[in-house]
Amino acid sequence: MSTPPNILFLLTDQQRADTVEPGLSPNLLRLAAEGVRFTSAYASAPVCTPARAAILTGRSTWRHGLLGWGEIAPRYGRDMPATMAALGYRTAVVGKNHFGWKDGEPVSHGYESLAIYDGLTCCSDHYDRWFEEQLPGEDPLKTGGLGWNDWGAAPYIFDEYLHPTAWTGRKAVKQIRAFAKENKQQQPFFLKVSFHRPHSPYDPPERFLNATAAPSAPPVTALDGWDEPYKECGLFTGAAPGGDSPSQWCGAVDPADLELTRRAYRALVRQVDDEIGSILVALNETGFANNTFVLFVSDHGDEQNDHYLWKKGYPYQGSVHVPLIVRWPEAMDAAIDEHRGSVSKAVVELRDIFPTFVDVSGHWNTSFEADMDGRPLTWLLRDGSPGWRQELDLEFGQFYIHAWNAVTNGEMKYIFHAFSGDEQLFNLTEDPGEQRDLVRGPHHSAALEFWRERLVDQFLREERGLGWVWGRRLMPRFWIPCTYSPHYPDSSALQAVCTVASTVSWPLLFAVAALLL
């Protein structure tokens, strides 16, 4: 190929891996039938900004530096859109970036064209300005009195045309047709289409809500009782149990409310899939489909009351397990060994997306390899990549629950709860719903030790310091949790807590203090 393929990057927000199913996602299933579906895809830090920092940089959570809910840095050494522009691509984004705002305009990180809907109340984005033109004085978040991070649900009260998902889909189609009209055949395009939904508010248009059934099975709960503490949300939040707080992150709720929320969430998935179908049609109609590489993923999942938990930020599958599909153009067939319609069980992560796009452009080299922790998914399409990672690090600073770290190979998952030092171990092959914590049962001490050692090795390899691992012992971290690691590209005090914590053994410090007192 003399000209590299166009790249269409489809991103959703808070979509669980198990929602790509018949009846909900026919267009994504069609995309998978024409490409490869990755069934062990993860978001290492399953909340919006750290997840999107991994996509933006191609780095692990520790190395891009955003360990929890914080701000994406204004710039990194290599930013995905700026890099793709430097490699000869016309770059555009439609929908959610979550890169922050400066002087009333979105931080671009190198996108040449931006049409932004971030879905936040802090900033008047392009969608908000358009909505104000359509319905002056109306609140776009008026539906049901829902906040942008509530667990409740209601049908969208405005015309479906005004829904942000519909706006994002139309803008994406318009952008593809604009690329075709420009007819710059010698310059490929890189288009990111980022849907805010199915992230809350769970506000599907009535047409989609009425056509969508609730899941056939109830939310997953533990068979050995490990999730019982989350059932009474008031134990953690001060809110009354039973769903009285619209923004609570845990707890059993009224069955009717639960049914509506789970159905509305699925209806939003269905609406997004409908818009993705329109975008893929536009690719065909403009003649771009035969030379466009398509990648679909979500930034993280949504617990949907599995284990009595809502939203995201947890080490469990509802939060960290995401859908990921790639479809390559016919122009790449000669370079691909994988069959269309196949499934890969390789352990992949959001950090692999940026490297994939660089490789598709034909410019992957040792410089990128040294700078990024991710690797091109296209390696797996060529020869199965026998040297691919065997396990993956997951971690998150305090959010709804205290900080945690985890390691998985897609078959087993080890979790270290940093505040308490408690551990969990799940066999994802036999127990995909994480209903039995093997730490509670007999005969698993060897497996527990094996996976604990994997996390120790990671901390030592990353030189995290005595606050994280002492000798070969994982240290409880009951000090103020880190949001920014020492690798965050900002010399301000944001990194101070993690920097100090990485160089101090807090148990040793307290022991010395006790002796002195």
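Where does His-98 lie?

Mentor: Happy to. This is a predicted model, in which local features need pLDDT of at least 70, side-chain atom pairs count only at pLDDT 80 or more, and totals for chains, interfaces and linings use all residues. Residues are numbered from 1 along each chain as its sequence is written, and side-chain values use heavy atoms, with hydrogens and water left out.

Now to your residue. His-98 sits in the loop between strand S3 (90-95) and strand S4 (101-102). As for those labels, helices (H or I, at least four residues) and strands (E, at least two) are DSSP runs, numbered from the N terminus. His-98 isn't a glycine, yet its phi is positive, at about 65 degrees. With a relative accessibility of 8%, His-98 counts as buried (buried is under 20% relative accessible area, exposed is over 50%, and partly exposed is in between, using a 1.4 Å probe and protein chains only).

You'll find Gln-14 in the loop between strand S1 (6-13) and helix H1 (26-33), and it is buried, with a relative accessible area of 0%.

While we're on the backbone, look at two prolines. Arg-197 and Pro-198 are joined by a cis peptide bond with omega about 20 degrees, and Pro-198 belongs to strand S7 (residues 189-198). Another cis peptide bond links Ser-200 to Pro-201, with omega about 10 degrees. Pro-201 is in the loop between S7 and helix H7 (206-210).

Side chains have something to show too. Take a salt bridge as a side-chain nitrogen of Lys or Arg within 4 Å of a carboxyl oxygen of Asp or Glu; by this rule there are 31 of them. One of these pairs Arg-263 with Glu-259, whose closest N and O atoms are 3.4 Å apart. Both residues lie in helix H9 (residues 255-285), four residues apart, or about one turn of the helix. Arg-263 is buried at 19% relative accessibility, whereas Glu-259 is partly exposed at 37%.

Arg-452 and Glu-449 also meet in a salt bridge, 2.5 Å from N to O. They are three residues apart in helix H14 (residues 445-461), so about one helical turn separates them. Glu-449 is partly exposed, with a relative accessible area of 35%.
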